[in-house]
Amino acid sequence: MDENQVLKWRFDVSTFRLIGRDLITDRVTALFELVKNCYDANATETTIVFNNVGLEKNGESSIIIKDNGIGMSFADIRDKWMVIGTSNKRSNPYSPEPFNRKCVGEKGIGRFAVDKLGDKVNITTKQVGKNQWLDVEIDWEAYYKQSAENHDIKLFTDIENHYEFHDSENQNDHGTTLTITNVREIWLESDIKRFVEEAAKLVSPLANMSYPMQIKVVAPEYGIETIATKNLDDVNIATIDFSLDFNLSANTQDTAYFNEDTEVIEIRTIPIKSFGGIKMKVYFFDDTARRRYRKEFPNNQIDGVKIYRDGIITTPFAENESDDDKKRDILGIDKRLWKDIFDRVSTREIIGVVEITKDYNPMIIDATNRQDFVDNEQYRDLKEFIITQLDAIEGYKKYSRKKKRKENNNTLMSAGQEIQNFISSVENIAQQNPNLKDSLTPVVEQAKKTGKAVRTAIKEKKEAEEEFARKENIYMSIMSLQEYAIHITHAVRTTLNKIRDRVEYFNLFYPDPTEEDIFKRYAKEMYIEFLNVNKVIDYMLSYSQSNIQPEDIQLDETLKEIFTEYKPLFDANGITTEIIIPEKIMLRNTRQQFFRDILQNLLDNSIKAVKDSPQKIIRCTVVIEKEKLIIMLSDTGCGIPEEKRTWVFGIYNTTTQDQGGAGIGLYIVKTRVESLQGNVSIIDSEFGNIGTTVRIELPFKK
Amino acid sequence: MNYKLVFIDDNMREGNDNPFIRSIGKFKKEADISVFTDPQKGLNFVLENLNSRMIVFVDCKFDGYGLQGINILKQIREQTSLLYIVMMSANAISQIAGLDIIEMINEDYIWFFDRNNGTVTDACNLIDKIRNLWTTRFDCVLEQWLIRHPEDNNKEAYSELSTGKTYTWTDILIQLRLQTPVGKSFEQKLNEYYIYQLDRSIK
C-alpha cells in the first residue's frame, strides 16, 4: 500500500495530561498509586522522602520513592513503562515468586501519577544480578516548552528521552527509585500526614504477613520520619474486639452477637452468604481507648470498616477526603447514626477489616468510578452483614452503659452510708475525748450537711430516672402510633379508592337500564367497604382509650380479646390461629396496655411474615414454669435468619422493609417486656424448619 | 383503528367488572381491553403481543409477588423501546424508591398515572395523548397505510443483501414493532432516503 494512504494516530503532551488528570484527581492518590507499584514489584521496604515541598522552599523540591523491589530492565522501561495504556499486571495479576502478592496497580496508571506529582522524573532501576543501574530522565515541562516555542505541534510520541547506564558497586542491589523534581503542588504537613494515613491502610495487618512491606515516610522540613505501615499489635488498645472466619468445606460463616447472660460477644455460625465467605476483624474503642489511640497514633484516625481484597485495600477506601464530615461512608454505617444516638456504633469508634478475595468473593466488584462497589445483590448482602455484626458491639455498648449507671448508683448509695459511718466515728472520738468536742462539732455539722446533700442527690437522681423512663414511654407510644397511623391510612385509602371508583361510575353512567345489575352490585360493594372503614376506625379509637396505669389483668382473657380484634385481618389473609393457655392466669399490678403493645406488634409481624406462606398459622402458647410466665408466639412465615435474631430487636432494624416494616415493632416489644422485668428472644421455630417463634419470659408469682 | 389496552394491577380482582376498567371501556370502545392481576401473566401477554399497537398500564407495587412494576418495565424495555407504558400507583410519588423513579424517567414513552387523585377522565385523556403520538410514528403510519391499501400487505418491501432474505410490508411492520435490527435499520434507511429525495427535488 502507498505510504501516502496511511494515517497514524499521534498525540501531543496535553492529551497525555488530560487523560492522566481524569484518572488521578489528587496528589495523595497519585503517590499512593506509585507506592502500590512498589508493592507489586515485591518491595519489602519503600521509603518516600519529601524535600522542600512546603511553602518555604530552601532548595530544589523533590519527592523520592525508593524501593527494594525487583527493578526494571531496559526492555521493561522501553516496552512497558514508556508505552501508554499497557498494564503488564492485567495479564499477570500476581507479583513474581516467591511473594506471589496479588497485584494492586492493575490499571497501569503509575506513569500518569508521576506527571501529576512533578514536572521532571528520574528513574533509577536495577534488577538483581545485573551489574549496571539504568537511569532514565523524563521532563514533561521541556515537552511543553518545545511545543510552545516552536509554534509547531510537537508530538509527545516524537520526543526522545535521555537514558544512560552506570556501573553498580554491588551486583545484588536491586530496586527502583523515582526522583520527582519540580514538584507541581505544595504539600503541607497535613497532606503528608494524610498520605501516611493512606499508606498505613495499603496492606491489611490481617493479611498474610509472610512478606510484609514497610513504608517509611520522611519529610525533614516538618520533622516527619515515621513508619506508615501498621501491624496487628498497633490496634491492641481497643476496648473489645472480635474476629470472624469462614469454613468453605463446612459452608459456614462466623457471625457475632452480644450475649447478655455471659456479658461477652460470642460467635455462632450461619451458612455462607451470597457474597461468599469473608474474614472480618472489628476493634471497638470507647472514650478512654479513643483518647489513647489518638495519642499513640496522631497520624491515624479511627475511621470505620474498610474492605481489603487479597490483602490490599479496595479502591473505594483508598482515596480519601480530608474533611472528616465529608468523609465517605461507603458502607452506610454513620447513615444510621441519628436514629439511636446512644447505642449506635459510629465509624469514629471502630476499626474494622473485612477480608475478601477475588476467588471467593468474585461478585464484590469495584465500581469504575472507584468510589464504591458495583451495586448488586451480593454487595447489598455484604453491607447488611457488616452492619449486622456491629450490632454485637451495640449490644455491648448498651450493656456497659447500663452497668455504669448501676455502678454510679451504688457509689452514690455507699457514699451516703460512708458519711453516716464517718459521723458516728467522729462522734465516738468526741465522746472519748471531751476536750476535742468543740473542735469536732463543726466537722460533724458539716458532715451532716453533706450527708443530707447526698441523700437529696440520690432522691433527685431517682426522680430524674423515673422522669426519663416516663418520657421514653411517651416517645415509644408516639412512635408506635406513627407506625400504626401508616397502616391505618393505607387501609383507609385503599377502601376509599374502591368506593371512589364506584361512585365515579355512578356519576358518569347512571342511569342505564341495561346495567341495572352492575349498579346494584357496586352499591352493595360500597356498603361493605363502608363497614370496613368503620371497623378500622373503631379499632383506632380503642387504641386511644386505653391507659397505662397499673392494674390487675386476666391474661388469658386479654390474649383472647386481642386475637378476636384481629379476626377480620386473620380472615382476610387466610390465617388460622391457635391459643393454648392451660389455666386462668391473673397478673397483679401490671399494665394491660403493655401486653397489648407486645401482642399487637408480634401479631402484625406474623401477619406480614406469613403472607407468602402456603400454610398460614399463628399460634400463641402460654405456660408457667416455676416462677416464670412464658409466652410464645409462633408463625409459619418467612422466618428470621439466625444471625439477625438479636439484631431485629434494635430500633429501625427490619427484615420487612419492602412490606413497609419500619423496624419499630420488635423494639417496642423488647422495651415493653423489659419494663415488665422480663426478657424476649427469638428461638428455633416451634414449627421446625419454617417460621419464627418469639419467646417472652416474665417474672410470675401465683 | 383498534389497539390494545392492558392493565396489570393486583387490586383489579374484578377483572373487566372493575368500575375503573368498565368506565374506560365505555369511553374507549375501539380499544381491546385486558386485565391481569398476576404480574407475570400480564408481562407474558405483553411480550407475546409486541407486534400490536398497545398501551400498558402497570401498577408499581404488587404485594406478595417477586415481580414488581419496575421489573415489568425493564423486561418490556429489553424487548422494545417503542411500547407505551403507563406506570400507576396508589402511593404518592414521593413514596416510590428514588432509584425506581430514575429508571422510569430515563425511559422513553413512559407516563405516570396517580391512582388516588386521577379520575377516569384523566386516564382517558392520557390514552388520547398517547394515541395522538401514534399519528406521526413511522410504524403507525405504515399500519394505517396497509389498512387503507390491503393489496400492499404482501408486497416485497426490503431484501437483506447479506442473507438474501426478503420482507413484505407486513413483515416490516412486525420488525419495527419488535425493534429488531432489521426494523431499526429499515426505518433509518427510509428516512435517509426521503431526505435525499427531498433534497434533490429542491435543487
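**Note on the A–B model**

1. Chain B puts 11 residues into the contact, and chain A also puts in 11 residues. Two residues are in contact if their C-beta atoms, placed from the backbone, lie within 7 Å. On chain B's side, helix α1 (residues 19–27) gives the most, with five residues. Helices (H or I, at least four residues) and strands (E, at least two) are DSSP runs, numbered from the N terminus. By class, this side of chain B has four nonpolar, four polar and three charged residues. Ala, Val, Leu, Ile, Met, Phe, Trp, Tyr, Cys and Pro count as nonpolar, Asp, Glu, Lys and Arg as charged, and the others, Gly among them, as polar.

2. This is a predicted model: local features need pLDDT of at least 70, side-chain atom pairs count only at pLDDT 80 or more, and totals for chains, interfaces and linings use all residues. Residues are numbered from 1 along each chain as its sequence is written, while chains are lettered from A and ligands numbered from 1 in the order in which they are written.

3. Chain B has eight helices and seven strands. Of its 203 residues, 27% are buried (20 or more other C-beta atoms within 10 Å of the residue's own, these atoms being placed from the backbone). Take the contacts in chain B between residues at least 6 apart in sequence: 65% join residues at least 24 apart.

4. Chain A has 16 helices and 23 strands. Buried residues are 31% of its 702. Among chain A contacts with a separation of 6 or more, 72% link residues 24 or more positions apart.

5. The largest nonpolar core has 81 residues. Such a core is a set of buried Ala, Val, Leu, Ile, Met, Phe, Trp, Tyr and Cys residues joined through C-beta atoms within 7 Å. V35(A), A199(A), V217(A) and I350(A) have the most contacts inside it. Helix α2 (residues 27–40) of chain A gives the most to this core, with eight residues. Domain 1 (13–229) and domain 2 (233–398) of chain A each supply at least three residues; the bounds come from an automatic or database domain assignment.

6. Look at V217(A). Leaving out residues up to four places away in sequence, V217(A) touches partners including I48(A), F195(A), A199(A) and I224(A).

7. In chain A, strands β20 (residues 617–625) and β21 (residues 628–635) run antiparallel, joined by eight bridges. Strands pair if DSSP finds at least two bridges between them. The two form a hairpin with two residues between them, and K626(A) in the turn has a positive phi of about 50°.

8. β21(A) also pairs antiparallel with β23 (residues 692–699) of chain A, over eight bridges. I631(A) in β21(A) stands opposite V622(A). In β23(A), the bridge partner of I631(A) is I696(A).

Key: Buried ≥ 20, exposed ≤ 12 C-beta atoms within 10 Å, placed from the backbone.
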